[in-house]
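Dear colleague,

Please find the structure below, followed by a short account of what was found in it.

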Amino acid sequence: MKRTATAIWTGSGKEGKGNLTTQSKVLNNTSYDYVSRFADGTLTNPEELVAAAHGGCFAMKLSFVLGAAGFTPESLEAKVTVTLGDGVITNSHIELKAKVPGIDAAKFKECAEEAKANCPISKSLTAAITLDATLL
């Protein structure tokens, strides 16, 4: 399986602008720029997209891990914060809030840690990955 996305950038690093388009067209000429990446702009940016990808991948992987253990999650909310420092993503922190009927705290933690270690996006990151998991 392969997926594609295209980034087009015009102009200098600070004054330029870019557009992102994904194969699915969920992003279709979606704008990004310097201000949105390094200040308080309103457009998207690569780190935000990495955070979204990591959260989505982790939540889906956790659902599979829980299913293999005999549990069906009612809800999994993974908020991911990606930290960029010195031109490198240094950390991806997952805050998980989960409703999983019938699971005990120890098994929940085990499943969450397995998903953290084995989701494809986690495996692709060289950054430190941290997890705070709360069973509701």
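Of the contacts in the protein chain with a separation of 6 or more, 49% join residues 24 or more positions apart, a contact being heavy atoms within 4.5 Å.

The model is predicted: local features need pLDDT of at least 70, side-chain atom pairs count only at pLDDT 80 or more, and totals for chains, interfaces and linings use all residues. Residues are numbered from 1 along each chain as its sequence is written, and side-chain values use heavy atoms, leaving out hydrogens and water.

The protein chain holds 4 helices and 6 strands, which are DSSP runs (H or I, at least four residues, for helices; E, at least two, for strands) numbered from the N terminus. Their order from the N terminus is β-β-β-α-α-β-β-α-α-β. Along its principal axes, the C-alpha trace spans about 55 × 30 × 25 Å. Of the 136 residues, 32% are buried, that is, under 20% relative accessible area with a 1.4 Å probe, protein chains only.

As to the cysteines, the count is 0 disulfides, a disulfide being a pair of cysteine sulfur atoms within 2.5 Å. The sulfur of Cys119 lies 3.5 Å from its closest cysteine sulfur, in Cys57, and this is too far for a bond. For Cys111 the closest cysteine sulfur, in Cys119, is 15 Å away, also too far. Cys119 is buried at 0% relative accessible area, and Cys111 is buried at 2%.

Yours sincerely

Methods. Buried means under 20% relative accessible area, exposed over 50%, partly exposed in between (1.4 Å probe, protein chains only).
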